[in-house]
Amino acid sequence: MNFDRRFVIPAESMSRMVGTESVILHLTSGTYFGLDPVGARIWTLLSEGKNLTEICAQLRDEFDVGREQVEADVFRLVAELTERGLIREA
């Protein structure tokens, strides 16, 4: 995956924080998607317009995790969010 890519959150994806987790509602399909605290942080960074490289660097600074693990986790979540129509490439 090209980590210079940026993603946007379309208008049909709404999110709310519930404690330390995030719940996303896809308005068109009516489906919900939950994110744990790390996933919620990735969602926030995506919503700020950061590219994947910036997101990975931020997560490495905030959490005690290696580069390969962060990149794999970000890649997996971004792929799932894209597949579900919750984000799209800018």
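Glu48 sits in the loop that links α1 (37-47) to α2 (52-62); helices here are DSSP runs of H or I with at least four residues, strands are runs of E with at least two, and both are numbered from the N terminus. The structure is a predicted model, in which local features need pLDDT of at least 70 and side-chain atom pairs count only at pLDDT 80 or more, while totals for chains, interfaces and linings use all residues. Residues are numbered from 1 along each chain as its sequence is written, and side-chain values use heavy atoms, with hydrogens and water left out.

With a relative accessible area of 48%, Glu48 is partly exposed, because that class lies between buried (under 20%) and exposed (over 50%), judged with a 1.4 Å probe and protein chains only. From Glu48 to Glu68, 20 residues apart along the chain, the C-alpha separation is 23 Å.

Not counting residues up to four places away in sequence, Ser22 touches Ser15, Arg16, Met17, Phe33, Gly34, Leu35, Ala40 and Trp43, where contact means heavy atoms within 4.5 Å.

Attention now turns to helix α3. Val70, Val74, Leu77, Val78 and Leu81 are the buried residues of α3. They cover an arc of only 100° around the axis, so they lie on the same side of α3, the arc being that of the directions from the helix axis to the C-beta atoms. The partners against which these buried residues pack are β1 (7-8), β3, β4 (31-35), α1 and α2. On the face turned away from the buried side, α3 carries the exposed residues Glu68 and Glu83. Just after the helix, Gly85 takes a positive phi of about 80°.

Charged pairs come next. Side chains of opposite charge can pair when their charged atoms come close. A salt bridge is a side-chain nitrogen of Lys or Arg within 4 Å of a carboxyl oxygen of Asp or Glu, and by this rule the count comes to 6. One of them joins Arg6 to Glu54, with the closest N and O atoms 3.2 Å apart. Arg6 belongs to the segment before β1 and Glu54 to helix α2, so this pair ties together parts that are 48 residues apart in sequence. Arg6 is partly exposed at 36%, and Glu54 is partly exposed at 34%.

Another salt bridge, between Arg67 and Glu71, has its closest N and O atoms 3.0 Å apart. Both residues lie in helix α3, 4 residues apart, about one turn of the helix. Arg67 is exposed, with a relative accessible area of 53%.

Arg84, in the loop between α3 and β5 (88-89), meets Glu80 in a salt bridge at 3.2 Å, N to O. Arg84 counts as partly exposed at 42% relative accessibility, and Glu80 counts as partly exposed at 31%. Leaving aside neighbours within four places in sequence, Arg84 is in contact with His26 and Phe33. The C-alpha atoms of Arg84 and His26 are separated by 8.5 Å, although the two are 58 residues apart along the chain.
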